[in-house]
Amino acid sequence: MKRKFWIRVIIIFVAVAWSLWQLYPTYKVHNLSAKEAEKLRLSGKLDKLQSKTIKLGLDLQGGMYLVLEVDLQQLLVNLAKHKDDTFYKVMNEVNKTINENPDLDYFTVLQQTFRKHKLRLNQYFGKVTQTDQQVIADLQKQADDAVDRSLEILRNRVDQFGVSEPNIQKRGNRRIVIELPGIQDIDRAKRLIGETALLEFKLLKDPDVTTEVLKRIDEKLKELQEAKGKAALPEKKKSKASVKKKMKSTAADTSTKKVITQKDIFGATEAAKDTSAQKDTTGLEVNQELFNEHPFLSLLRDFRSHGGEIAVPEKNKYAVQKILNMPEIKKIIPSDVEFVWASKPIPVGNENYYELYLLNKEPELTGKYVVDAGVQIGSGSSFTSAGKPIVTLKMNSEGAKIFAHVTGANINRRLAIVLDNRVYSAPVIRSKIPNGNAIIEGMGNMDEAKDLAIVLRAGALPAPVKIIEERTVGPSLGQDSIRQGTFSAILGFVLVILFMIFYYRLSGFLADLALLLNMLFIMAILAGFHFTLTLPGIAGIILTIGMAVDANVLIFERIREELRAGKTIRAAIDSGYGRAFVTILDANLTTLFAAIVLYQFGTGPIRGFALTLSIGILSSMFTAIVVTRVVYDYITEHFTLKKLSI
């Protein structure tokens, strides 16, 4: 008997000591002064300490909630073995149908659209011997796999981003839900998550080839304008004196500025059709002397003599892109090349310019060979990267072999590093690079470089993801939730304590002591096992407060019955605990099973409620049956009681 008693005492003391140890970091962090917090931060200990505190959910500390959808359209374009104009036309029709009726099944629409155009799916996907049904089944399988891979990649990115207790889960066949508690820099997080990270290494075309292609585009655009009967600019007679005066007052390549809009290039009808938000309303930056004869070249600037590339004033970027997208212009651009914009503008004087690169369409190498990526500050040996953050890449043996071959065969040519169809840098290959190491320049700051390194390490998404729902929870809402939840818990706790003392006297006080220990154990388990406390979780704790004393009420009522039956105090206590145990076990087990089911099949808030309820049930059974029994055993063993205060 005595042995069992001391075993129980030891278990209780160990549980209390473990709980206090687990809750100490939470207590310390919440009582740190700003100065102490900064000191710990500088020593690198604050993050470690915060990782041991009780985690608060999105609804308590604020943060970010995103619903992402995998872009199946782009995924299928990537999977297509053969692409032609017909393919793009059909895929655009599928996309249009899905956009108009989002509830339709994508693959059913895909199959029906191909049938409508009397096309077999195996012309573009899968093997020639496969039927349409087999191709669709394969595509569905690859789409499911893409969503699963996206889920895993996003989880890796978020983990490396340093978010505590993120919630990332799949919803349906195409969507992913991400909850990021405590995120303050919303834009940075969105960039990190939405980055496809398709890394490609592409060779630039020779300057002569670029010049020839630009010239063809210019001639074609002029021809189109003349065919439509539009004079680009009304000719006005200008005196030589006035022209000379303007020439002196403006820069060399923008000798005369005049308000010229898209209407002058595309005509009034096309400009009116364009409802894009980027539609030019302030005029374009053109060289008026060139505009009539060279409507396309006048929109560009040539920085190649200064070590740069063809560049476009920021005002002209949209118009230039629109020209490049014209079907008539696309036809005269060689099929093996493409124009790609620089990732960022370069400032020249008061203007921003975007460089425009003509690249081989097929990449020499892709990011699938990258095994590691890190961030460094560029050395002084490089003019473009000295003192600036750069991202270093390390490739596997196969990638290193290909990279060595590409660099060895193209010395003195420029190799563009393209990420998500934007050129980050285009260094000149000076020598063969045999070790598979490369760097990416062009980062604006250290955070941007770190984020890029994260997405490259975590891998590229198999298809772009679109943010279709975005919600942010402000810190003020979180504080309100915490205050209201804490007030509810304290109020319920105090009422229960007062009632138990009033109704059961000393025994009620013992039940309150058990309740305090119950709360201590619940919070310690949340901290120790890194569970997240949410608003529904607080509701589960409040419910537990009521249920915790319920067990003691059952025990006390049984003891009262035994005392009224004439048993001694010791015998009444033994009988009371013995008779109440089965009832307590039954009631708590059924609730525990319900909580387990809720946790298994519920989503975020429901799981939070089920988790704290489950912990509370187990903890309350321990405190009600074991802790109070130990106190009764100690009292009856060491004191002679004539009457039990119950």
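I looked up Lys 52 first: at 40% relative accessibility, Lys 52 counts as partly exposed, a class lying between buried (under 20% relative accessible area) and exposed (over 50%), with a 1.4 Å probe and protein chains only. The model is predicted, so local features need pLDDT of at least 70 and side-chain atom pairs pLDDT 80 or more, whereas totals for chains, interfaces and linings use all residues. Residues are numbered from 1 along each chain as its sequence is written, and side-chain values use heavy atoms, without hydrogens and water.

I located Lys 52 in the loop between helix H3 (46-50) and strand S1 (55-56); helices (H or I, at least four residues) and strands (E, at least two) are DSSP runs numbered from the N terminus.

I then examined helix H17, which covers residues 446-458. Its 13 residues reach 18 Å from first C-alpha to last, close to the 18 Å expected at 1.5 Å a residue; the expected span is 1.5 Å times one less than the number of residues. I noted buried residues in H17, among them Asp 451, Leu 452 and Ile 454. Just after H17, I found Gly 459 with a positive phi of about 105°.

I next checked Phe 529, in the loop between helix H18 (475-528) and strand S18 (532-533). Phe 529 is exposed, at a relative accessible area of 51%.

Last, I turned to Ile 411, in the loop between helix H16 (397-409) and strand S14 (415-419). Ile 411 is partly exposed, with a relative accessible area of 40%. I recorded 7.2 Å between the C-alpha atoms of Ile 411 and Lys 432, which are 21 residues apart along the chain.
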